[in-house]
Structure formats: C-alpha cells, structure tokens
Amino acid sequence: MSHVRPAVVVVMGVASSGKTSLGERLAGQLGWPFRDADSFHPPENVAKMAGGTPLNDEDRKPWLTAIAAWIDDLRASGGNGIVTCSALKRAYRRVIIGDRPDVALVYLKGSRELIGARMAQRQHHFMPPALLDSQFAALEEPGEDEGPLVVSVESSKEAIVSDVMTRLGLA
Ligand SMILES: Nc1ncnc2c1ncn2[C@@H]1O[C@H](COP(=O)(O)OP(=O)(O)OP(=O)(O)O)[C@@H](O)[C@H]1O
Ligand SMILES: O=C(O)[C@H](O)[C@@H](O)[C@H](O)[C@H](O)CO
C-alpha cells in the first residue's frame, strides 16, 4: 500500500463482486464524484456481454482508455473521485493506474460460489450469470507490487466501507 492519501480510488473485482455497492458508499461518505465502469463501455460492449459473449482485450481497450482519461482529468484539476472497474488483468491496471502514486487500488476478493450466488439473486442487470466463469478465467489477481488493498467480500457492505476508509487513511 502506498502511503500517499489517494486522490482517486479504483474498486476492482469480477462482475457482481460488489464494486458498485462499495464505490457508491465511499463516494457518498467522502462527497467525491462516483463513476461506474459500465458507464464507460461503448454500447457494443454492453450488447456483446448481454448477448452472452465475454469481452476480449480489443473490446476493453477504448473502455480502459476512457476510464484512464476520467482519472487523469480529475487529477489534473486537483479533484478526487471513485471509479469501479473490473480491471481483471494486470495489463488493464497498467492503463488505468500505472505509476500514478495518488491512485489507490481496492480489490474485492471472493469465491466463485459466493459471488455467483449474489449474482444469481440480482435482477435487472445486463450481465448474464453464465459469464461469471469467464470473469474468473480472465482474472489475474493483483500482485503485491501493485499495492492493492485486498478486501474479502464475505464481510457486510457496511464493514467493507469502514475498513476501506480506515485503511486508505480517508476515515
Ligand atoms: N458485502 C456484500 N454483502 C452482501 N451482498 C453484497 C455485498 N456486496 C454486494 N452485494 C450484493 O451483490 C450484488 C452485486 O453487487 P454490485 O452490483 O455492487 O457488484 P458489481 O461488482 O458492481 O457488479 P457489476 O460489475 O456486475 O456491475 C448486489 O445485489 C449487491 O447488493
Ligand atoms: O471487463 C469486463 O468483462 C466487463 O467490464 C465486466 O466486468 C462488466 O462490465 C461488469 O462487471 C458488469 O457486470
């Protein structure tokens, strides 16, 4: 973990790991702007996933570039923000975090079973539960060198928010 107080927090994890739940709560407590990664996807990406096909590296390129631009705009203006992004692969995290010392990475870690159960219960979401296996197959968990704050999704939403606030020095 970096000791710099983060300007921007990226919340990563597979689909349905709880990124939006955590990101919205952090943003609410801090009064920081929040963006959900899905709002950066070109419509064809959403249509592809909704049709049951996982995205590939090419599909994800414009999406990651857009997220990185949002992060850099905030940093350039001295602002703060919270953004979710599945950020499944190390190469993706290079794009959105790279060497930016003021961008913190929070990884929501959980089992296929628990996250799958939560996904199955969720309604009105475009992501079909059948794609969860592809998310875990693509997932490269962040290495120590990436300085992630790793959080278990087994805890309650409230406990996760307060843990992350404390560990990021934002409480
Ligand atoms: N810590 C938690 N305990 C119990 N349920 C949770 C927890 N975190 C999230 N959930 C529930 O799991 C489901 C998925 O959460 P959420 O939508 O926040 O995940 P996500 O990672 O943003 O998903 P996606 O990337 O697919 O949009 C929701 O129904 C949410 O209420
Ligand atoms: O990289 C990806 O495969 C996508 O971003 C997915 O992770 C979804 O957009 C998101 O999680 C919604 O369920």
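This is a predicted model: local features need pLDDT of at least 70, side-chain atom pairs count only at pLDDT 80 or more; totals for chains, interfaces and linings use all residues.
1. In general, the strands of a sheet pair through backbone hydrogen bonds, either parallel or antiparallel.

2. Strand S1 and its neighbours. Strand S1 (residues 8-12) runs parallel to strand S4 (residues 103-109), and five bridges join the two. Within that pairing, Met 12 has Tyr 107 as its bridge partner in S4, and Val 10 has Leu 105. S1 also pairs with S3 in the parallel sense, over four bridges. There, Val 11 stands opposite Thr 84 in S3.

3. Burial of S1. Which way do the side chains of S1 point, and are they buried or exposed? Val 8, Val 10 and Met 12 point one way, Val 9 and Val 11 point the other way, and all are buried. Since five of the five residues of S1 are buried, the strand is largely enclosed by the rest of the structure.

4. Overall make-up. The chain has seven helices and five strands. Read from the N terminus, the elements follow the order β-α-β-α-α-β-α-β-α-α-β-α. The radius of gyration is 15 Å, close to the 16 Å that the globule rule gives for 171 residues, so the chain is as compact as a globular protein of that length. Along the principal axes, the C-alpha atoms fill a box of roughly 40 × 35 × 30 Å. Buried residues account for 34% of the 171 residues. Of the contacts with a separation of 6 or more, 78% are between residues 24 or more positions apart.

5. Ligand 1. There are 19 residues around ligand 1, and those that come nearest are Ala 15, Gly 18, Lys 19, Thr 20 and Ser 21. Helix H1 (19-30) and H7 are the elements that give two or more residues to this shell. H1 has the largest share, three residues. By class, the shell divides into four nonpolar, ten polar and five charged residues.

6. Ligand 2. The shell around ligand 2 consists of Ala 15, Ala 37, Asp 38, Leu 55, Arg 60, Ser 86, Leu 88 and Met 127. Five of these residues are nonpolar, one is polar and two are charged. Ala 15 is listed here and is also among the residues that come nearest to ligand 1.

7. Ser 16 is found in the loop between S1 and H1. Most residues other than glycine have a negative phi. The phi of Ser 16 is near 70°, a positive value. Ser 16 counts as buried because 26 other C-beta atoms lie within 10 Å, the cut-off for burial being 20 or more. Arg 122 is placed in the loop between helix H5 (112-121) and helix H6 (132-138). With 11 other C-beta atoms within 10 Å, Arg 122 is exposed. Ser 16 and Arg 122 are 106 residues apart in sequence, and their C-alpha atoms are 8.6 Å apart in space.

8. Ala 87. A positive phi is also found at Ala 87, at about 45°, although this residue is not a glycine. Ala 87 lies in the loop between S3 and helix H4 (90-96). Is Ala 87 buried or exposed? Ala 87 is buried, with 29 other C-beta atoms within 10 Å.

9. Trp 70. This residue has its place in helix H3. Trp 70 is partly exposed, with 18 other C-beta atoms within 10 Å. Leaving out residues up to four places away in sequence, Trp 70 touches Arg 35 and Val 83. The C-alpha atoms of Trp 70 and Gly 81 are separated by 9.3 Å, and the two residues are eleven apart along the chain.

Technical notes. Residues are numbered from 1 along each chain as its sequence is written. Chains are lettered from A and ligands numbered from 1 in the order in which they are written. A residue is near a molecule or strand if its C-beta atom, placed from the backbone, lies within 6 Å of it. Ala, Val, Leu, Ile, Met, Phe, Trp, Tyr, Cys and Pro count as nonpolar, Asp, Glu, Lys and Arg as charged, and the others, Gly among them, as polar. Two strands pair if DSSP finds at least two bridges between them. The radius of gyration is taken over C-alpha atoms; the globule rule is 2.2 Å times the number of residues to the power 0.38. A residue is buried if 20 or more other C-beta atoms lie within 10 Å of its own, exposed if 12 or fewer, and partly exposed in between; C-beta atoms are placed from the backbone. Two residues are in contact if their C-beta atoms, placed from the backbone, lie within 7 Å.
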